[in-house]
Amino acid sequence: MKVTLENLTKRYPNLNRRIKTEVIAVNDLTFEIPSGKLVGLLGPSGCGKSTTLNLISGLETPTAGRILFDEDDVTGLPPEKRGVGLVFQNYALYPHLTVRQNILFPLENLKGAEKLTRAEMLQKADEAAKLVQIDALMDRRPSELSGGQQQRVAIARALVKRPRILLLDEPLSNLDARLRLQTREEIRRIQRETGVTTVFVTHDQEEAMSISDEIVVMKEGVIQQIGRPQDVYDAPKNLFVAKFLGTPPINVFSARIEKETLFIGEEAVLPAPGLPGGTVTAGIRPEGFLPDPEGKFTLSLSRVEVMGRDTSVVAEHAASLSGAVRAIISSESRPDPESRTVRFSLKPGKVLLFQNDEAADRLVPPGQKEEDR
Amino acid sequence: MKNSLKAWLYLLPALLFLGVFLIYPLVDVLIYSFEEGYNSTSGTYFGVGFYNYSYVLHDPFFLKALRNTVLLVLITVPLSTGLALLISLGLSSIKALRKFFQTVYFLPYVTNTLAVGLVFMILFKKTPYSDGLMNLLLRLFGMGPVDFIDGPYWAKMFVLCFYTVWVVMPFKILILTSALASVKDDYYKAARIDATPRFRVFTRITLPMISPMLFYLIITGFIGAFKAYSDAVALFGVNLNAAEMNTIVGYVYDMLYGDSGGYPSYAAAAALILFVIVLTVTTINLTVSRKHVFYD
């Protein structure tokens, strides 16, 4: 099922009643969630991503705008009539009920034509449990399960009545790092197997990038960019998106363009054909540095870190706006850790130019848009 | 060994205190209850046996007190707990004036029992000069005046139960409102998404979640009601036997200090009978609760 959000806006009265201004949690949001896709809503806390999820589920009603499930307008429908499955951040499993009773719970509420016999219910619960691979734990209480298992039960409970859309609110934030990796693959697998349109909310860009078909980057209630994860990473719309995506984060420098050439400090690091002169902000992805004794970009070396298969070079530069500069390089070209300076040449596709305003569109040299990739 | 000596030393003050003021009197009561014909002035007794128990259990005053107490327990505990739950549910579903109503409902808790009893007496009493406020209300519904304080047994029992419920409710409301507030909102949201009918939310989510607190209130409610005494005194004065409104604790008190006082052995036997009753009821409660109370 396809979900369309049209000019969706949610305003709250300010908690401090003396301040008459309203808080705008979601501002004029318009986008479409394609049927059967896994979409990640991504942004720093307070960006309105959870509110958006709650608006889709119906737990909150929008101040303005419409929500369409396929062609049906569900804006005015209460959550129980929308046919959504929601997985809460802390799972919200009923602690006094067993896993089976938890999964059965939504089925037991069905009325009228949808009403099931006990045998049908048990069968559906078993199917859902098998799907998330917790069928061996059906008689346990949630407190007897690990975080990852509880998460699976919550997903099974959300899926058991075949919702039209599955919503996950920060599904992995309560899990430890190893389990997180495992569970996100699990979510991807379950989504693929069921083909249910899925929206999940996260502040962890790596999580969103790794399993989403599409990501929606939000900031302060406004969509910054929508697209396939790799596209958004490679061609961020503005400096905020560029900074938000990627670990380690992008290195940001104050730079300038003179005679169609990009200068960082006094060094002419790259040609910038077709761009007008002036000061700009240059973002260089950590993987955009190539150690090169003849390179045009000189940094003072702080240290070389080897972590597993990654070698990262930590360096300083006077023009850096993001503190220490971090470059990830292949281990063969590791610079001498004793040397004072290190020289790089830059991969043009990994150098992104922005206006100095974080929210302003990225500077794209005319005709270069495709070459960026 | 050295460590445990230190531990015992630390425990000593508390143990001494408990021993002198709790264990010793308890044992003493037990001994009294078996000493037949004990004379408190001379400190002598004739023999040892079950005569005191037999006397108490055949004493019509005790049987009356037992009946009153059991009635009071059976009526007020379910009623007050149920009403408190209803009021708490109401309180937690309103936003405006919640604090105000919470305060109002809590007021009886901080009011002196005897003062409240006096007020109740004035409300319900029928005198040659006035029928009392309650009877004025009754007349509105076309019912005749009833003397609730000196009148028929059922009327007096009604006032006693009414009063008891009124006095014990604030604490229960306090406990239950905080128990209800501690149920995480996510459970209700999850239930809403799953189209759970309201009543089912209450029985399958709310009740189990607050069951430990509810159970605590039922147990303490039973114990408290079995120990009722001051409430009856506040309403009907000190001569409870004459008013037919005595309670077991009242009987114990009378045996010790009342007009018929000076019988510590009978008092001890009655007190132990009460103890056995409370113990039995609490054990039953605990057994039943094991199936229905959910602890996180």
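These notebook entries record what I looked up in a predicted model, beginning with chain B and then turning to chain A.

**Chain B, overall.** I counted the elements of chain B and found 12 helices and two strands. I then read their order from the N terminus, which is α-β-β-α-α-α-α-α-α-α-α-α-α-α. I noted that the C-alpha trace of chain B spans about 75 × 75 × 30 Å along its principal axes. Of the 296 residues in chain B, 30% are buried. I also looked at contacts in chain B between residues at least 6 apart in sequence, and 67% of these join residues at least 24 apart.

**Chain A, the sheet.** I traced an open sheet of four antiparallel strands in chain A, in the order S2-S1-S4-S5. Strand S2 (22-33) and strand S5 (72-73) of chain A each have a single partner strand, so one side of each lacks a neighbour in the sheet. I followed the pairing of S1 (residues 3-13) with S4 (residues 64-69) in chain A, which is antiparallel and runs over five bridges. Within S4(A), Arg66(A) stands opposite Glu6(A). I found helix H1 (residues 49-57) of chain A lying across S1, S2 and S4 of that chain, at about 65 degrees to S2(A).

**Chain A, helix H4.** I checked the length of H4 (residues 147-159) of chain A: at 1.5 Å a residue its 13 residues should span 18 Å, and its end C-alpha atoms are 18 Å apart, which agrees. I recorded 11 of the 13 residues of H4(A) as buried, among them Arg152(A), Ile155(A) and Leu159(A). The buried residues of H4(A) pack against strands S6 (84-87) and S7 (165-169) and helices H2 (99-108), H3 (118-131) and H5 (177-194) of chain A.

Key. Residues are numbered from 1 along each chain as its sequence is written. Chains are lettered from A and ligands numbered from 1 in the order in which they are written. This is a predicted model: local features need pLDDT of at least 70, side-chain atom pairs count only at pLDDT 80 or more; totals for chains, interfaces and linings use all residues. A residue is buried if 20 or more other C-beta atoms lie within 10 Å of its own, exposed if 12 or fewer, and partly exposed in between; C-beta atoms are placed from the backbone. Two residues are in contact if their C-beta atoms, placed from the backbone, lie within 7 Å. The expected span of a helix is 1.5 Å times one less than its number of residues. Two strands pair if DSSP finds at least two bridges between them. Axes are lines fitted to C-alpha atoms, for helices over the stretch in contact, and angles run from 0 to 180 degrees between N-to-C directions.
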